[in-house]
Structure formats: C-alpha cells, structure tokens
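Please read the following account alongside the sequence and the three-dimensional view, moving from one to the other as each part is discussed.

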Amino acid sequence: HVAKVGLRVRVAPGRLHEADYLTSLGAAEVIDRAELAAPGRPLGKERWAGVIDTVGSHTLANACATTRYGGAVAACGLAGGMDFPSTVMPFILRGVTLYGIDSVMALRPQRQQAWARLAEDLDLTRLHLLTREVPLSQVVTLGDAFLAGQVRGRILVNVQG
C-alpha cells in the first residue's frame, strides 16, 4: 500500500461510479479519465511523481507530459490504443523515465522479487474488497458481465459450488 510510505494515490478509472470503492482501497483522489484521454500538450503542469498506466495512447502521453522532474511512468497496458502521441520533451526537460512492464517474458528472479514485494506491502485485511467468490454455475453469466465491463477486482471460481 503506497500510502503507507507517504505517497498520495490518485486514480483515473474507466468507471467514475467506482470512486467510493477506490477510495476504500486507499485512493486519495479520483480523477475523470476523460481528462487524460484527450490529446494534450507536449509538456503540462507537473502533477505526479510516478504513474502506472494501463491505457496507453493519449493517456500515456499525458501522464508523461505531467510527471514531475525525475519521475517515472510505467506502461503496462494498451486499453486505449498502442500509439504514443508524444514528444521527447518530458524525457529531456524533466528527466522523466518511461518503463515498459512486461509480465510475459519476465525472468523468474524478477517475478519472485515482485511477489516478495507484494507479500511485504499488500494489506491483507483489504483483500476481501478485491475478491469475490462465485460458483462454477455462474461462470457463463459472469463472462457476459466481464465482457461488458461490469466486473471489478478478481473473481474466484468455486468449482465445487
């Protein structure tokens, strides 16, 4: 939980109606994703020290353009597109670092380090907020809800239920 180390977490979800849920998980502020998804300026007001971007495209470009001097952006998804409509300005003028996160080819020692860090930092008392258990008989219905973007968190399928 990054708030434990003094960081303020801001999130820009695809579903603003999830704001209460996200603040219950520790988000200090919920931002409308549309604010970041539109084409932006090459360099904007410094807003954050670090970003984890799962969207790509204009959202990633805006994240880089508004990251503070010496900050870092981790790109790990392309839900909004695989283009990167940006300039080198954040990298040259602010020393922003863009990291590509690859979970497919990561070597075993890297995976072990990531899992160890999760074991150390994850607040297990909040895990129930992220997980829902469903019986196997609901998987088809749940699949439709998942494809419609109506599922949040993780789903545990009870194959005996």
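Predicted model: local features only at pLDDT ≥ 70, side-chain atom pairs only at ≥ 80, totals over all residues.

Residues are numbered from 1 along each chain as its sequence is written, and side-chain values use heavy atoms, with hydrogens and water left out.

The chain has seven helices and seven strands, these being DSSP runs numbered from the N terminus (helices H or I, at least four residues; strands E, at least two). Read along the sequence, they follow the pattern β-α-β-α-β-α-β-α-β-α-α-β-α-β. The C-alpha trace spans about 55 × 35 × 30 Å along its principal axes, and of the 161 residues 23% count as buried, which means under 20% relative accessible area, with exposed being over 50% and partly exposed in between (1.4 Å probe, protein chains only).

An open sheet of three strands has the order S3-S4-S5, with parallel pairing, two strands being paired if DSSP finds at least two bridges between them. Strand S3 (48-53) and strand S5 (97-100) stand at the edges with a single partner strand each, so one side of each is left without a neighbour in the sheet. From one strand to the next the twist averages 10°, with axes taken as lines fitted to C-alpha atoms, for helices over the stretch in contact, and angles running from 0 to 180 degrees between N-to-C directions. Five bridges join S3 to strand S4 (residues 67-75) in the parallel sense, and aspartate 53 has alanine 75 as its bridge partner in S4.

Helix H3 lies across S3, S4 and S5, running at about 155° to S4. This helix is mostly covered, eight of its nine residues being buried, and those buried residues pack against helix H2 (34-37), S3, S4, helix H4 (89-93) and S5. Within H3 (residues 57-65) is threonine 59, which is buried, with a relative accessible area of 8%. Beyond its neighbours within four places in sequence, threonine 59 is in contact (heavy atoms within 4.5 Å) with Leu36, Ala37 and Asp53.

Another threonine, at position 131, is found in strand S6 (residues 131-135) and counts as partly exposed at 36% relative accessibility. Leaving out residues up to four places away in sequence, threonine 131 touches Arg154 and Leu156. Strand S6 pairs with strand S7 (residues 154-158) in the parallel sense over five bridges, and valine 134 has valine 157 as its bridge partner in S7. Between these two strands the chain crosses through helix H7 (residues 139-147), and this β-α-β crossover is right-handed: with the strands pointing away from the viewer, the path from the first strand over the helix to the second runs clockwise.
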